[in-house]
Amino acid sequence: MKAGGFQVMVRLMGLVRPLTGYMLLAIVMGLLGHLCASGITVVGGRILLAVLYPDWSSGLEFFLILVFVFALLRGILRYAEQTANHYIAFKLLALLRDRVFAALRRLSPAKLEGRDRGNLISLITSDIELLEVFYAHTISPIAIAVLFGLVVVFVCASCHVLLGLLAALAHLMVGALIPIVTSRLSGDDGLHLRRQSGELASYVLDSLRGLSEVLQYGQGAARLATIQRRTATLSACERRMKIRGGLNQAVNSTVILAFDFAMLLLASSLCDFPGALIATLTLMSSFGPALALADLGSTLQRTFAAARRVLDILDEEPVVTDIHGREAVPFHGAAAEAVSFAYSGEDILQDLSLEVPEGEIIGISGRSGSGKSTLLKLFMRFWQVQKGRILISGRSVEDINTDHLRSLESYMTQETHLFRDSIRNNLCIAKLDASQEELESACRQAAIHDFIQSLPQGYDTEVGELGDTLSGGERQRLGLARAFLHNAPFLLLDEPTSNLDSLNEALILKSLHTGRRGKTVLLVSHRQSTLGICDRSYSLEHGRMS
Ligand SMILES: Nc1ncnc2c1ncn2[C@@H]1O[C@H](COP(=O)(O)OP(=O)(O)OP(=O)(O)O)[C@@H](O)[C@H]1O
Ligand SMILES: [Mg+2]
């Protein structure tokens with residue numbers, strides 16, 4: 001176990017506390033189930049005695065019924081144990097998902113914009129899923145193996161103390177020593193296999209998504225070769241693991257047989273025949289729970305690595321925290337006051353000041369990567385400035401309720417994200433209770449109403465995954481319609497016209513200019529024609545306005 005593995009385990013166990021009753025139930029059921037399974041073999045031995053020796057023949061019927069009852073109970077108890085374990089596991093997965101989503105809400109939007117967002121997907125899918133192994137197949141099996149081992153040692157020791165010692169040794173070997181040694185030997189193969197197959201899947205998906213680029217630049221053969229090479233590496237890794245798995249099984253079976261044989265020899269020299277028979281049968285039938293731990297070594301390391309990532313997210317401090325309990329302010333203009341900002345050490349804005357007076361349209365241009373979108377995000381308070389202040393109505397955004405700030409601002413991002421849903425629902429995220437008139441008015445303003453009307457199902461047309469069925473300009477105008485529908489006094493528009501033809505651009509600029517009804521607009525654009533409607537425009541250069 002790596003450093004910190006113990007703490008991870010303690011925290012994971014801590015989550016089980018409200019479900020302790022179910023956990024105990026699973027352990028008791030599992031223990032009783034294994035006792036029944038062993039009981040079948042041991043009582044079977046007793047029945048054999050009764051058949052072979054007339055002295056032992058009394059109670060034969062009782063033992064036959066007992067075997068039947070044990071068999072029946074074994075099935076029921078196993079079912080009950082698995083049900084309790086999976087109930088715990090899935091309850092806790094739901095709880096963890098809930099907590100992770102709560103953490104992501106707390107950490108967003110900065111976390112979701114950050115450069116490691118790709119890892120977040122695997123965290124909220126596969127990492128959490130892996131914890132099922134811990135809750136359903138780790139805790140109670142270990143407890144059951146230990147308790148059951150103790151019962152077996154006790155039964156054997158009741159024949160002779162040396163037999164008890166032999167049983168203890170056998171269980172330690174099969175349940176602890178062999179799993180630890182094999183997990184050391186197998187190293188990180190399991191981890192590699194999982195990671196590499198994940199990478200291969202995303203490489204294939206990436207190739208499919210970029211199929212037109214792959215075809216255009218003649219990269220098909222090269223991509224295929226890479227896929228084949230990776231598949232071959234995966235197969236080799238899997239082969240190694242399977243061979244090792246087979247070897248492990250062989251070693252386990254040999255060790256178990258050796259101990260059974262040793263028990264038979266030792267017991268026959270130390271006890272009478274019935275005692276020797278019972279002790280040997282008890283040991284022979286007792287390795288089920290210990291064998292269940294055999295594969296745990298390699299999976300546990302993966303589980304703890306996944307758990308560590310999940311717990312890290314829960315512990316992470318957000319870049320910005322939501323603000324509550326402040327007084328609402330009406331909108332009277334915005335400003336940036338000597339603002340400096342860097343993304344984890346990468347300076348973007350330096351000592352930047354900007355005035356956005358109420359009712360005016362302010363334009364910002366500047367080369368790609370100069371920090372224009374970043375500045376808009378600072379007005380939205382998606383990130384925290386390192387120096388200076390962002391002001392709304394003369395008050396720092398750090399001092400305005402987050403919900404209120406969002407209601408003062410309509411932000412149209414540079415890339416409009418469309419959900420796999422109808423056009424109506426995609427627009428209504430900006431105003432959940434928007435009426436048809438409001439929708440249409442916003443869409444007219446964004447010059448997209450006529451297009452929507454021309455679709456077979458109008459506003460109820462589905463836009464497909466990532467809005468793939470729409471053109472770039474159509475997506476952009478839907479983004480703009482969303483921002484208009486939100487109907488906030490301060491509009492932040494990031495490249496609202498970059499994908500539009502000049503006719504649609506002119507329509508939108510006209511509605512922005514004449515139909516804004518006192519709204520204040522901060523507009524980022526590379527196009528001179530768009531910047532033309534601004535009351536004032538600035539250029540962002542070397543982190544400053546000029
Ligand atoms: N979440 C982030 N983490 C780290 N760096 C980032 C992040 N977002 C943006 N950057 C970097 O910050 C710089 C400014 O990005 P920004 O998106 O603000 O530029 P921009 O002026 O809007 O460019 P464009 O005109 O191409 O849209 C870029 O170099 C970008 O790579
Ligand atoms: Mg940008």
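Which helix is Phe68 found in? I looked, and Phe68 is in helix 3, residues 60-107. Helices here are DSSP runs of H or I with at least four residues, strands are E runs of at least two, and both are numbered from the N terminus.

Ground rules I noted: this is a predicted model, where local features need pLDDT of at least 70, side-chain atom pairs count only at pLDDT 80 or more, and totals for chains, interfaces and linings use all residues. Residues are numbered from 1 along each chain as its sequence is written, and side-chain values use heavy atoms, with hydrogens and water left out.

Next, I checked how open Phe68 is. Phe68 counts as exposed because its relative accessibility is 57% (buried is under 20%, exposed over 50%, partly exposed in between, with a 1.4 Å probe and protein chains only).

Then I went to helix 6. It covers residues 139-159, 21 residues in total, and reaches 31 Å from first C-alpha to last, close to the 30 Å expected at 1.5 Å a residue (the expected span is 1.5 Å times one less than the number of residues). Its buried residues include Ile144, Phe148 and Val152.

I found 0. The Cys159 sulfur has its closest cysteine sulfur in Cys271, at 5.0 Å, too far for a bond. I put Cys159 down as partly exposed, at 29% relative accessibility. For Cys428, the closest cysteine sulfur is in Cys443, 9.4 Å away, also too far for a bond. Cys428 is buried, with a relative accessible area of 11%.

Note on methods
Chains are lettered from A and ligands numbered from 1 in the order in which they are written. A disulfide is a pair of cysteine sulfur atoms within 2.5 Å.
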